Amino acid sequence: GRPGWHIECSAMSLHLLGDGFDIHGGGDDLVFPHHENEIAQAVGAGHEFARHWLHNGMVNVDGEKMSKSLGNFTTLEAVLDRFDPRAFRLLVLQTHYRRQMELGDKELTDAGKAADRVDALVRRAARAGVAASAPSAAGVERFRTAMDDDFDTPAALAVVFEAVRDANAALDAGDAAAAAAGLGLVVECWTALGLWVGGGDEESDGEADAEITALVVARDAARAAKDWAEADRLRDELQARGIVLEDTPSGTAWRRARPDDESS
């Protein structure tokens, strides 16, 4: 109860971080009275307190605040059992930290599909023999400007997905240099946001990938020869291995299935 709730947080902050530490965070429901009282206590006792404050919006489910009392909460473990871990990270990044975030199956599924767009570009570039090159200085500057503007991660992600679109257009046009620069911008910004390419598959390289690629190529050849029985057999074998096939302008692409594929 008060005032103990406020005093313990002032004491812990100053004990662990010292006077004049840089950042204090918390939910926007704590601005008053909790954080105001933390400041009043610390300054009243002669200490310099936090220099900057970050207050995050609430997580909502179907328009209501997620909470134990309402029984509408889910655990991170439960989310990761069903969705690509990047889907959760991307969903958080798509919403500015000071705004309320809606968390549900649809939102996580859509975020997973957005992550797939980056994976598809990387696979497509690799098939075309295009490797990431140094990103454009202008693109990097746009990304940094967004992040420096109160951690505007939605605007930073817009830079990433514009680069995905432009890199795909460059591949369509056969412009390898532009595609390489676009890919470089995507990878640099994507990883800066704590995301990664490939969905975290344990088998992302090596003999297993080469074998799957060979089966995909063989299936394409069977389809071109109108050997539908063989094409169906190869498709079934790939599906049994947990492989999802994707038709693209440059041929058939593949990826490993995710837990949320059934829901999407």
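A residue is called buried when its relative accessible area is under 20%, exposed when it is over 50%, and partly exposed in between (1.4 Å probe, protein chains only). By that rule R235, with a relative accessible area of 28%, is partly exposed. The structure here is a predicted model, where local features need pLDDT of at least 70, side-chain atom pairs count only at pLDDT 80 or more, and totals for chains, interfaces and linings use all residues. Residues are numbered from 1 along each chain as its sequence is written, and side-chain values use heavy atoms, leaving out hydrogens and water.

**Strands and a crossover**
- Helices (H or I, at least four residues) and strands (E, at least two) are DSSP runs, numbered from the N terminus.
- Strands β1 (residues 23-27) and β2 (residues 52-56) run parallel and are joined by five bridges; two strands pair if DSSP finds at least two bridges between them.
- Between β1 and β2 the chain passes through helix α2 (residues 31-44), a right-handed β-α-β crossover.
- Right-handed means that, with the strands pointing away from the viewer, the path from the first strand over the helix to the second runs clockwise.

**An aromatic cluster**
- Rings of Phe, Tyr and Trp (its six-membered ring) pair if their centres lie within 6.5 Å; planes under 30 degrees apart count as stacked, over 60 as edge-to-face and the rest as tilted.
- Four aromatic pairs turn up in the whole structure.
- One of them is the edge-to-face pair of F21 and F49, with 5.2 Å centre to centre and 75° between the planes.
- F21 sits in the loop between α1 (4-17) and β1, and F49 in the loop between α2 and β2, so their pair ties together parts 28 residues apart in sequence.
- F49 and W53 have ring centres 6.1 Å apart and planes at 40°, so this pair is tilted.
- F49 is buried at 5% relative accessible area, while W53 is partly exposed at 24%.

- A salt bridge is a side-chain nitrogen of Lys or Arg within 4 Å of a carboxyl oxygen of Asp or Glu, and the whole structure has 17.
- R233 meets E230 at 2.9 Å, N to O, and also bridges to E237, with the closest N and O atoms 3.4 Å apart.
- R233 and E230 lie three residues apart in helix α10 (residues 228-240), about one turn of the helix.
- R235 pairs with D232 at 3.4 Å, N to O.
- A network of salt bridges links E211, E230, R233, E237 and R241.
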